[in-house]
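Hi,

Here is the structure I promised to pass on. Have a look at it first, and then read on for what turned up in it.

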Amino acid sequence: SFASVSEAMAEAERLASSTEATAGQDRMKVEQWLELQGSKIANELIAHLGDGSKGLTTRMTACRVLSRLGPVAKPALLQAADGDNAQLQVKAIECLGRVKPSDAEIVKKLIATLDSSDFAQRKAALAALTYVGPAAKDAIPKLTALLNDQKEDETIRGAAKKALKEVDPRK
């Protein structure tokens with residue numbers, strides 16, 4: 001239990017550089033505590049995510065927790081996906097797929113990201129589309145094209161196949 005969101009974020013940042021054997025589990029507990037606070041802390045998380053002076057761990061933790069709070073996270077995650085930090089962009093793209101319920105704007109952003117020159121962003125967008133599932137039906141043509149492109153990287157083709165199975169499940 002923490003006195004504030006800032007205190008919880010400071011603990012997440014400390015745990016990121018910790019060599020303690022339980023650091024990963026403890027960081028998950030921090031995220032669970034934050035998630036349990038619900039949407040009332042969304043604005044604080046959005047502020048942490050958008051604050052470039054905060055540590056990367058703090059900003060990524062904000063991404064993960066926000067994605068579990070639902071549609072309130074969408075604007076901040078879309079902005080972070082276009083931000084200036086490559087690692088945070090990838091995390092924001094992944095987290096967009098976890099926002100429930102998903103919507104057409106999220107799917108459109110993920111589809112557009114598939115054309116990125118950045119391999120990690122493309123891979124994250126494919127993972128996000130996998131999480132979105134059938135609600136990402138607009139991605140079917142692009143996923144099919146990636147899967148069938150013999151010149152495409154095998155990792156991308158494999159991720160496209162996995163996403164296609166979730167977006168367009170067939171018996």
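R64 is found in helix 4 (helices, H or I of at least four residues, and strands, E of at least two, are DSSP runs numbered from the N terminus). With a relative accessibility of 18%, R64 counts as buried; buried means under 20% relative accessible area, exposed over 50%, and partly exposed in between, with a 1.4 Å probe and protein chains only. Leaving out residues up to four places away in sequence, R64 touches R27, E31, K91 and C95, where contact means heavy atoms within 4.5 Å.

Before going further, a word on the source: this is a predicted model, where local features need pLDDT of at least 70 and side-chain atom pairs count only at pLDDT 80 or more, while totals for chains, interfaces and linings use all residues. Residues are numbered from 1 along each chain as its sequence is written, and side-chain values use heavy atoms, with hydrogens and water left out.

Now the chain as a whole. Its secondary structure comes to 10 helices and 0 strands. For 171 residues, a compact globule would have a radius of gyration near 16 Å, and the 17 Å of the chain agrees with that (the radius is taken over C-alpha atoms, and the globule rule is 2.2 Å times the number of residues to the power 0.38). The C-alpha trace spans about 50 × 30 × 30 Å along its principal axes. Of the 171 residues, 44% are buried. If you take the contacts between residues at least 6 apart in sequence, 61% of them join residues at least 24 apart.

Helix 2 is worth a look. It covers residues 23-36, which is 14 residues, and reaches 20 Å from its first C-alpha to its last, close to the 20 Å expected at 1.5 Å a residue (the expected span is 1.5 Å times one less than the number of residues). A23, V30, E31, W33 and L34 are buried in helix 2. Seen down the helix axis, these buried residues fall within an arc of 155°, so they line one face of helix 2; the arc is that of the directions from the helix axis to the C-beta atoms. What do they pack against? Their partners are helix 1 (5-16) and helix 4 (56-68). On the face turned away from the buried side sit the exposed residues Q25, M28, K29 and L36. Just after helix 2, G38 has a positive phi of about 75°.

Next, H48, which lies in helix 3 (residues 42-50). H48 is buried, at a relative accessible area of 7%. Not counting residues up to four places away in sequence, its contacts include V5, M9, T58 and A62.

And the cysteines? There are 0 disulfides in the structure, a disulfide being a pair of cysteine sulfur atoms within 2.5 Å. The closest cysteine sulfur to that of C63 is in C95, 4.9 Å away, which is too far for a bond. Both are buried: C63 has a relative accessible area of 0%, and C95 has 2%.

Last stop: F119, in helix 8 (residues 119-132). F119 counts as partly exposed, at 38% relative accessibility. Beyond its neighbours within four places in sequence, F119 is in contact with D153, T155 and I156. The C-alpha atoms of F119 and G133, 14 residues apart along the chain, are separated by 21 Å.

Cheers
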